[in-house]
Amino acid sequence: DDDSHLEVVDLATGKRRSLGAQTYSGSWSADGASIIHVSSEDSGDQFCQEFDDDCFDSGNVFIANSDGSGRQQVTDTKANEDSPIWSPDGERIVFTSNSVMPRAEAATELYSVRSDGSCLVALTNGAPGSFSPAWVGTESAPSPSCDQPPPPVLAEVQPGPLEPFQPIYWAGSNADGLLLTSAAISFGYDFVYEDCDLNAISCGAATMVFSFPLCFWAGLTPSLYGETGGGPEIRRGATVLRNRNADGYNGLTMLAGRSMSWLLNKGDSGKATQQMLIDNMRLLGRAARPGKDLPPAQIPKQDLRKLKKVERTVKRLGSVRAAAKALGKKKRNLQKTLRFGRRIRALGPIRSFNCRQDVESSAGPSRLPTP
């Protein structure tokens, strides 16, 4: 994609002129005197499909004469601008930009600006993102006030209840200005928050929340509670565990009742964003901001039986190594199980439940409805 560029061709002579490297999204002005386009050459900034690690050079808006000469820059930001079009009178330009979250592709809104780059005004605000602007008719809209605020936010992504595949927790479509951009069903719900209310003071980091009933990943709780690092904490009544960082990501696990939610993001503000999302957590199907604590974590009975078996074997044989050999397990897995036991006991009384009954009363992952 970095090799793409726009050219102006004189149809009479065949003479060609390039508008520069990494140029795209060209559009003629109504009088044919100018070409508006985007260039990402030497931008030094990137935008990404946040959780796929696919990144692209960010672009800025430029204007050139009809023959490709006299190129001038209109925008100069760290965001990705694209799809510029002229107003019919040539006074203003409408384009897309993810300036509210410059590294997130989904945080795209429409903006209007004068051709000299002044009087920038937001035209849209909300999730999902807004793309591909177009003028309708030949009349230009009245010029906006240069100091007008962005429009009220539209938090349009509203996943419906997923019964009887419960419990699922989410942070709402608008979590203190951080907006839900997509929700997809797998073995639970994948919620992606990577847009921001333009009127918010700060929204934090783009975050993915994966929420599912605990029993659908059987045997998971010993591994969660047994990870090395800091012990579990209680927040809003739920158990919160900080995961080890991998590839620069911040990981956090929340256990509430019989459900697990895994929060993943990047950046210095990522951990604070995770705490904010936990403060907004509520059962799927409830849109209102939560006013009370979440239910305390419960432990599947099968995991407690596994714990007791490991503890008895270690006590009887005198070492973790001998117990691992006798049980046909890896030593580090037994160490996690033993750490799981110490940590849940330190939290005080914890309720248990039968996973078999929980799964049999649910639709199960093989019968999930399509999104």
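Helices and strands are here DSSP runs, helices of at least four residues and strands of at least two, numbered from the N terminus.

**View 1. Met281 in its loop of the predicted model.** Met281 belongs to the loop that runs between α2 (270–279) and β24 (282–283). With a relative accessible area of 0%, Met281 is buried, because buried means under 20% relative accessible area. Leaving aside residues up to four places away in sequence, Met281 touches Tyr169, Trp170, Ala171, Val209, Arg236, Met254, Ser261, Leu263, Pro290 and Leu294.

**View 2. The largest nonpolar core.** This core has 30 residues, and those with the most contacts inside it are Phe191, Tyr193, Met254, Leu277 and Met281. At least two of its residues are supplied by each of β15 (169–170), β17 (178–185), β18 (189–196), β21 (238–243), β22 (249–256) and α2, while the largest share, four residues, comes from β18.

**View 3. Met254 and a second core.** Among the residues that Met254 touches, not counting those up to four places away in sequence, are Tyr169, Ala238, Val240, Met260, Ile278, Met281 and Leu294.

**View 4. Trp28 in strand β3.** Trp28 is placed in β3, which spans residues 23–28, and, residues up to four places away in sequence not being counted, Trp28 touches Ser34, Ile35, Ser66 and Trp86. The C-alpha atoms of Trp28 and Met260, which are 232 residues apart along the chain, are separated by 53 Å.

How values were computed: Residues numbered from 1 in each chain as written. Predicted model: local features only at pLDDT ≥ 70, side-chain atom pairs only at ≥ 80, totals over all residues. Heavy atoms only, no water. Buried < 20%, exposed > 50% of the residue type's maximum accessible area, 1.4 Å probe, protein only. Contact = heavy atoms within 4.5 Å. Core = buried A, V, L, I, M, F, W, Y, C linked by side-chain atoms within 4.5 Å.
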